[in-house]
Amino acid sequence: MTGLRLLPFVSEDFDALAGWFASPAEAVLWGGPQVAWPLTAAQFAAMLAEGDAVPPQRRCWSAWQGDAMVGHGQAVYDRAGGSARLARIAIAPARRGEGLGGPMLDALLRELFADPAIGRVDLNVYTHNRRAIALYRRLGFVPGALTPGAVRIDGQIWDGMVMAITREDYVAKLI
């Protein structure tokens, strides 16, 4: 048992999360090409503001173990389409390799599938991020469409891939 708990991401968490990314490439790996590095409180505040709508368009969480923030995750909702997109998933650099990613993602999926409007959860992942892809597969995500040349960073071109899991497949893994 990891003792992991999800809490709403709040402004007091901004500095800790920003410190997890030491380069533009690390920031893009986490947040996609829409984020600017260095990450700023204004960027985080804009993400949180998307949660002010009713119902929220985006939700942001921090994962905590004891008194330490060890992870972060977000979800963007398409309730009309019956889906949510997991985004900006990260484990604190000092805590990577401790097996926290699976429990955090499972907690995020429980949150998302608790909403009866959500029947599918998808995410984007860069194809060179093999550890993340392996974790998503273990959790039941299925690879989907490829996006060649999804982003160019530091002279490199990264391909992207969509992965998805349905409510039915998620529930079947729990049984």
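The model is predicted. It holds 6 helices and 7 strands, which follow one another from the N terminus as β-α-α-α-β-β-β-α-β-α-β-β-α. The radius of gyration is 16 Å, close to the 16 Å given by the globule rule for 175 residues, so the protein is as compact as a globular protein of that length.

**Overall dimensions and surface**

- Along the principal axes, the C-alpha atoms occupy a box of roughly 40 × 40 × 35 Å.
- Buried residues make up 43% of the 175 in the protein.
- When contacts between residues at least 6 apart in sequence are considered, 59% of them link residues at least 24 apart.
- The protein has an accessible surface of about 9000 Å², and carbon and sulfur atoms account for 56% of that surface.
- There are 17 positive and 17 negative side chains, with 6 Å between the centres of the two sets.

- Helix α2 covers residues 24-31, and its buried residues are Ala25, Ala27, Val28, Trp30 and Gly31.
- Buried positions in α4 are Gly101, Gly102, Met104, Leu105, Ala107, Leu108, Leu109, Leu112 and Phe113.
- As background for reading such lists, an α-helix has 3.6 residues a turn, so residues three or four places apart point the same way.

**Methionine 104**

- Methionine 104 sits in helix α4 and has a relative accessibility of 1%, so this residue counts as buried, the cut-off being under 20%.
- Beyond neighbours within four places in sequence, methionine 104 is in contact with Leu4, Leu6, Ala63, Gly71, His72, Ile89, Ala90 and Ile91.
- Valine 35 is 69 residues from methionine 104 along the chain, and 22 Å separates their C-alpha atoms.

**Aspartate 122**

- Aspartate 122 belongs to strand β5, which runs over residues 120-126.
- The relative accessible area of aspartate 122 is 6%, so the residue is classed as buried.
- Strand β4 consists of residues 83-91 and strand β7 of residues 156-166.

**Cis peptide bonds and positive phi values**

- For reference, most residues other than glycine have a negative phi, and most peptide bonds are trans.
- The bond from tryptophan 37 to proline 38 is cis, with omega near 0 degrees; proline 38 is placed in the loop between α2 and α3.
- Valine 54 and proline 55 are also joined by a cis peptide bond, where omega is about -5 degrees; proline 55 lies in the loop between α3 and β2.
- Arginine 88 is not a glycine, yet its phi is positive, near 50 degrees.
- Arginine 88 is part of strand β4, and at 11% relative accessibility arginine 88 is buried.
- Aspartate 154, likewise not a glycine, has a positive phi of about 50 degrees.
- Aspartate 154 is in the loop between β6 (142-153) and β7 (156-166), and its relative accessibility of 60% makes it exposed.

**Glutamine 57**

- Glutamine 57 is located in the loop between α3 and β2, the loop that also holds proline 55.
- With a relative accessibility of 46%, glutamine 57 is partly exposed, because that class lies between the 20% limit for buried and the 50% limit for exposed.
- Tyrosine 77 is 20 residues from glutamine 57 along the chain, while the C-alpha atoms of the two are 5.3 Å apart.
- Contacts of glutamine 57, not counting residues up to four places away in sequence, are with Glu50, Ala75, Val76 and Tyr77.

Definitions and conventions
Residues are numbered from 1 along each chain as its sequence is written. This is a predicted model: local features need pLDDT of at least 70, side-chain atom pairs count only at pLDDT 80 or more; totals for chains, interfaces and linings use all residues. Side-chain values use heavy atoms; hydrogens and water are left out. Buried means under 20% relative accessible area, exposed over 50%, partly exposed in between (1.4 Å probe, protein chains only). Helices (H or I, at least four residues) and strands (E, at least two) are DSSP runs, numbered from the N terminus. The radius of gyration is taken over C-alpha atoms; the globule rule is 2.2 Å times the number of residues to the power 0.38. Contact means heavy atoms within 4.5 Å. Accessible areas come from the Shrake-Rupley method with a 1.4 Å probe; for residues, only the protein chains shown count as cover. Lys and Arg count as positive and Asp and Glu as negative; His and the chain ends are not counted. The place of a charge is taken as NZ of Lys, CZ of Arg, CG of Asp or CD of Glu.
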